[in-house]
Amino acid sequence: MADPTFFDLFKSTWAQNGLTEDITDQQYKTGWSFIGSVPPSVEQFNKVQQTTDERLAWLYKQLDGLAEVTGRPLAATSFDALSYAQQNLNAANLKTGTVPVARLSGTATSLTAGAATKLATARTIAATGDATGTGSFDGSANLSLGLTLSPSGVTAGSYGNANAVPTFTVDAKGRVSAAGEVAVGNAATATKLASARTFSVTGGATAAGVSFDGSGNVALNVTALDVSKASAGTLPVARGGTGMATVAAGSYVTGAGTGALVPRTPAQVLEDIQALPKAGGDISGPLVLGTGAAIGAQYGTNTASGRTAHVLLPDGGGYSTHTGTVVGAMKITLPAAAVGANTMLRLRVDVFEYLDGVPPVSLLIHGYVQTTKAWARCGATVLAGSAASDLPVRFGSDAAGLPCIWIGDTTKSWSYASVTVSEVQAKYNTSGASVAGWGVGWKVEPVTAFETVSQTLASGNLAFGRADIPTVNGLQDALDLKANAAVSLLAGNGLSGGGTLGANRTVALGIPSKLTAVTTNAVTSTSHTHELDTQTAPNDATAGRILTLGNAFGLGADNPLKSMNLNTVIAPGLYGQSVSSDATLTRNYPVPLAGTLLVGVAGQTISTQMYTVFNSGATYSRARYGETWSPWQRGVLENDLASATQSGLVKLATADQAVAGTDGSSAMTPLTAAIAVNGRLATDVLAQAGTDNYRLLTPQLMARAFGGGNSRLEGQGFQRLPGAGNLVIQWGSSAGYDSYTIAPYIPSYILGYVATCYGNVGSAASAAWCEVSLIESATKMQIAAYRPGPGGGAIAAPRGVQWLLFCLPR
C-alpha cells in the first residue's frame, strides 16, 4: 500500500483496523501518571491517538464542506480557507435566510417580494360594513385605520327603574337591536320582612342561628367542620389535603407539586431516598463516608467497662497532601471520648510517602491512656516498611487537654505524605466505649513542636514485624560475612557439583570405597578412603582405638589366657582358659578348672572379674581396688538351698507368694512383707464403713475414713466417727427467733451439747443469753433466748444462736 498523502491522514483514524482499549473520562483527564518498566498498553496508546484523529477529522470535514460551497478546494500549502469563504460566498449556494439590504444591488423593480422598503405607488386601504374607515399605505410605515360603527336603531338612553327591569334584544353579532322595560311591582320599596327568619348551618358545617328580617345584613359564624359528613370530592393539596381518595394500608405518601400526593410502598420509599433497609442489602456504587460518619462494631459483656468499640476509618483520622516536602512530626489527636476515661487503646496507622526505596508502612500502636492524660503500657509494632520506617513514637496530651500521639521527630521530612488512622480499638472506657464516641473527632496534622509528652518510644526500640537489618542485633555483621554471589564453590577430589553462590548449590560426596582394617588415607577424582586406627593386638587397650571383631578382647573370637596370672588381667574383655592344668591356684584362679573370664573396669583403680567353670556353670567373682584383690566368692547353686532334709540357703518368697501366703518354704524379705501388707489394705468404702476386722488402715486411709458420707463440712454440718454406732458431732446456727427446737440431722440420742446466743454485753437492750434443755427422750434440743427486762428480770428476745451436739445414732 502506498504511503498516505497529507489529506489522506485527515480522512482516516489511527488504529481504525487495529485494537484499542477504552479509556474512562477520569483516565483521559488524569493522563498517564506513571511510565516505567510497565508502560500503558498498545491498545491504550491506540485509543488516545485514535481520539485525537477523530477530532481532527471532524474539523477537516467542516472546512472541506465550507470550501466546497465557496468553490475553492483545500490545499496543503494554503491556510486562508476560512477567510476566503467569508469574503467570497456564492449566493447561488444559499439555501435559507435573508440577505441584508446593504448587500443587495439593483432597483426595487428588480427585487423579489419582501426585499422592498417602500411601494412605488401608495395604495388606499378601506373598511366597509358595520364599521367604515379609509387610509393611504405605501409600505414605509404602519397604517392605523379609524373605524366608525354603523347605527343599531336602538334609542340611546337608560332603561329600568325602581319598579321596572330593563329588557334587551341582542343579535348574532352581539349588538343590542332592541331595548325596553318590564314593571315588577313595589319590591324595590320594601325595607323589612313582615316576619323575621332565622338562618343557621348544620351538617358538614356548624353555624349558630342568626335572625334576619331584611333590615340589615347578617353574618353566619361557622364554628366547626365535620369532614366525616363530606360525601363527595377530595380535599386538594392546596387546601391542606392529600388530593387522594384512598391510601393503601402500610403505604407512605410523597408530594407531587400542586397535584395529589403519591402513595409509595416501604420498598419504594427506600429506593426513592437511596437507602438500605435495617436488614442490610447490596450497594451498587461507591460508598463515601461524609463528615461525622463512622463504621464500626461494639461488643463485650456489658455496656460499660467490658465493651470494646472497633472503628474503621474514623472521621478526621487522615492527612493527605500534594506538597513535595512537609516538615514536622505527625500529630494524631484523639477524640473527646478519650478525655477523663481510662482506655485501653490500639490503633493501626498506615503511612505512604512518595519516596524511592521506602515502601508503605503500617504501625500498630497501643497504650493505656488514663484520666490524668498520662500514658502507660505503650508500644508500637512496624509492619513491612524499611529501616526508615523506624520512627520514634510519643504519647501525651496537647494544650487543649486532648490525648495525642506523635509519629516521628519535629525535623522529620515527609514527601507527598498520606497518613491514615485506618482502625481503632478502644476498651475499658469509663463510660462504656462506643462507635459514636470513637468514630468522630480525630485529627491528623504535621506539627513542629511537641506539647506534654508522657511516654517516648525512641527509634531503634520499635518491634518490627519483619527482619529489618538495622534493628536486629548482629544481623548486619552476619550479612557482612555473607559470600559474594559471584564467587564459585568448586568441588575437589572425591566431590561433584558446585558453582557460583548466586543460587543454591549441591556438592555431592563421591561414593567412598569400603573401609577395612588395612585401608589407608587416599583420594581419587570420584572417591576416597580412610585409614582406621584399629587394635594392634587382641588385648590392645590404647584409648580411642577401634575394636575389631575377632580381635577385640575376645569379642567374637577366642581370647586365650594360656599361662597368664589372673592378677595381671585388668583390661576389660572376654577371656577363655581351655586347659585346666593352666588354671592353677598360684595363678590366682578360684578353682583349678578350665572356664571363661569376664573382666570389667571402673577407672584405673577398680577392676572386677567373674570366672565361670566350664562343666558345672559355677560362678566366682572378685574385685580389685588399687593393688589389692578381694577373695573369690562363689555364687549360689540349686543344691545350696535349704530343704526339709538338709540345711542350706533360704529361698525367698516372690511378691505373689507373699500376698497369697500359701508357700510355707519360702522366706519373706522386708519388701515382700510390705507387698503382702499392701495387698491387705482396706478400700475407702471399707475404711468409711468401719466394718472389716481384717483389712489394714494406713494414716492416709484413716484420714479419708472420716470423709465421704461420714462428714458434711458446712455451716450446718456433722462429723461421724467411722463405724456403726460411733459418736456423731453435729453443729449449726439459726437466727430471727426467741425459741428454737433443734433436731439432729442424723437421728441420734443427744449425749451433750453447747449453745450460745449473739448479743452485745455492753447494752442491756442487745445483751442475750439462752437456756437449753433436752426434750423427747433426748432426741431433740430446745433453746430459749432472753435479754434483761426494763424493770429487772428477763424477757424473751429474738436472737441468733449457734449450737454443737455430741450424739449417738439411734
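I counted eleven helices and 45 strands in the protein chain, taking helices (H or I, at least four residues) and strands (E, at least two) as DSSP runs numbered from the N terminus. I note that this is a predicted model, in which local features need pLDDT of at least 70 and side-chain atom pairs count only at pLDDT 80 or more, while totals for chains, interfaces and linings use all residues. Residues are numbered from 1 along each chain as its sequence is written, and side-chain values use heavy atoms, with hydrogens and water left out.

I looked up burial and found that 24% of the 810 residues of the protein chain count as buried (under 20% relative accessible area with a 1.4 Å probe, protein chains only; exposed is over 50%, partly exposed in between).

I then turned to an open sheet of five strands, which has the order 23-15-20-19-24 with antiparallel pairing (two strands pair if DSSP finds at least two bridges between them). Strand 23 (443–447) and strand 24 (452–457) are at the edges with a single partner strand each, so one side of each lacks a neighbour in the sheet. Within this sheet I traced strand 19 (residues 393–397), which is joined to the antiparallel strand 20 (residues 403–407) by five bridges, and I found Gly-396 opposite Cys-404 in strand 20.

Last, I checked Leu-289, which lies in the loop between helix 5 (266–272) and strand 11 (295–300) and counts as partly exposed at 33% relative accessibility.
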